[in-house]
Amino acid sequence: MTNTIRAEVITIGDEILFGQITDTNTAWLGTELTNIGIRVVRKSSVGDQANVILDVLHEAHQRADVIILTGGLGPTKDDITKKTLCTYFGVGMVRNEEALALVTSFFVKRGREMTDLNRGQADLPANAVYMQNDWGTAPGMWFEHEGRVYVSLPGVPFEMKHLMTNRILPKLRGHFNTPVIKHKMIRTVGIGESFLAERIEAWEDALPDPIKLAYLPSFGGVKLRLTTTGNDEALLDQQLAEQVEKVLPLIEKNVFGFDNDELETVVGRLLSEKGLTLSIAESCTGGYVSSQITKIPGSSAYFWGSVVSYSNIVKVNQLGVTPETLDQFGAVSEETVRRMAEGVRKALGTNVGIATSGIAGPDGGTPDKPVGTIWIACSTEERTAARLLKLGQYRDQNIQLTSTYVLNMLREELLTL
């Protein structure tokens, strides 16, 4: 039986609550804490108000063994985390000479004048263990109080990550006898959550303790997350692999990858392995599919370019779609999207071409072709295939779903080559 170490992550800053910046810290912290066997039980964001910060600290003390705060450690008056921690712990502020030396060196190296506000960053609560920040002037701090560990970190993501990786995580591992928490993610596409659950129901019901299954729906697919806890990492990996082997025959057609795989990563890997090149013709997706492909470092090895053919003139002049095809079938049709995929493949000289054409919305629909009517196609030197999608009323979702489905269509085609 293993003891569960619980953590709470608190992000501090009005700018987070106002939506002026996106909080990426909590997601990263959740992953890293899980990797060392600490389970995050609560995440919260609070503004720069001392009474609110104190309230959430008192609450966190009741439910967590580790409380991690990010933000509010800058030199200006609106950064109140250190003063609030002094109030919470009932201590005063003292100047830390090691921290002062680092701040001084930081300004000297950059040829900048250091103000009293900057020197104040070396003032820490009297009970703080100083954790050196190699990439900035805001210090990290470690506190032990009434059986709990409190960690205060700068809010700047690259500073926080460096401190956490190099100082805090090793210290947490040494402080707690943590269990190993292992996850295995099965990435599916083209199947809804309820259909997936029905297909694997018997397997799910037979899962042994302590393996747990979670369904994580996303655009166009579902992630199946298997989680288990114990002390023997190799044994846990083996147990998860056995369950993956059992479920795969039930859903193999819809599984495109595992763990951190994304469709664009898998597609890029297949193109590279097969020595093939790709071009894209986009109408309703407006370049979104191309942006997904080019997110992957090294994609220039297999992705040669794209044509965003919003206008029928571009479809005709650049992609070789005939005016007769457009007149007879329309821009949103199987015939047109086939010609687009074939045309971009030939125009750019690639082995494979994919295309999208549809009515993303919110207007432009007709009784015959309502909003959400999308055609996608994939063309190789051997054949061209097309598929009709019937999506919803929301433009952004339609664009993202179309991207997912056309990339999956490409993946399926590549597997046959």
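1. At what angle do helix H13 and H15 pack, and how far apart are their axes? In this predicted model, helix H13, which covers residues 312-319, packs against H15 at an angle of about 45°, and the two axes lie 9 Å apart. That angle makes H13 oblique to H15, and the crossing of the two helices is left-handed.

2. The residues that form this contact can be named on both sides. From H13 come Lys315, Gln318 and Leu319, and they meet Thr336, Arg339, Met340, Gly343, Val344 and Ala347 in H15. Sorted by class, the contact of H13 with H15 has 4 nonpolar, 3 polar and 2 charged residues. As background to such lists, an α-helix has 3.6 residues a turn, so residues three or four places apart point the same way.

3. Thr336 deserves a separate look, as a residue of helix H15, which spans residues 334-348. Is Thr336 buried or exposed? Its relative accessibility is 0%, and Thr336 therefore counts as buried. Leaving aside residues up to four places away in sequence, Thr336 touches Lys315, Val321, Thr325, Leu326, Gly330 and Ala331; Lys315 is also one of the residues that H13 brings to its contact with H15.

4. On the H2 side the contact is made by Asn25, Trp28, Leu29, Glu32 and Leu33, while H7 supplies Pro157, Met160, Lys161, Met164, Thr165, Leu169 and Leu172. The residues of this contact divide into 8 nonpolar, 2 polar and 2 charged.

5. Helix H2 itself, residues 25-35, holds several buried residues, namely Asn25, Thr26, Trp28, Leu29, Gly30, Leu33 and Thr34. What covers them includes helix H7 (157-175), together with strand E1 (5-12), strand E2 (38-46), strand E3 (66-70) and strand E9 (180-188). Just after H2, Gly37 takes a positive phi of about 85°.

6. Strand E3, named above among the elements that cover H2, contains Ile68, a buried residue with a relative accessible area of 0%. Which residues does Ile68 touch, not counting those up to four places away in sequence? They are Glu8, Val9, Ile10, Leu29, Leu33, Val151, Leu153 and Met164. Of these, Leu29 and Leu33 are among the buried residues of H2, and Met164 is one of the H7 residues in the contact with H2. The C-alpha atoms of Ile68 and Val151 are separated by 4.7 Å, although the two residues are 83 residues apart along the chain.

7. On the cysteines, the count comes to 0 disulfides.

8. The peptide bond from Asp209 to Pro210 is cis, with omega near 5°, and Pro210 is found in the loop between helix H9 (201-205) and strand E10 (212-218). A cis peptide bond also joins Gly361 and Pro362, with omega about 5°, and Pro362 sits in the loop between strand E15 (352-358) and strand E16 (373-379).

9. Glu146 has a value of about 50° and is placed in the loop between strand E7 (140-145) and strand E8 (148-153), where its relative accessibility of 59% counts as exposed. For Asp259, phi is near 55°; this residue lies in the loop between strand E12 (255-258) and helix H11 (263-274), and is partly exposed, with a relative accessible area of 30%.

Notes:
Residues numbered from 1 in each chain as written. Predicted model: local features only at pLDDT ≥ 70, side-chain atom pairs only at ≥ 80, totals over all residues. Heavy atoms only, no water. Buried < 20%, exposed > 50% of the residue type's maximum accessible area, 1.4 Å probe, protein only. Helix = DSSP H or I, 4+ residues; strand = E, 2+ residues; numbered from the N terminus. Contact = heavy atoms within 4.5 Å. Disulfide = S-S within 2.5 Å. Nonpolar A, V, L, I, M, F, W, Y, C, P; charged D, E, K, R; others polar. Axes fitted to C-alpha atoms, helices over the stretch in contact; angles between N-to-C directions. Parallel < 35°, antiparallel > 145°, perpendicular 65-115°, else oblique. Left-handed = near helix turned anticlockwise from the far one by under 90°.
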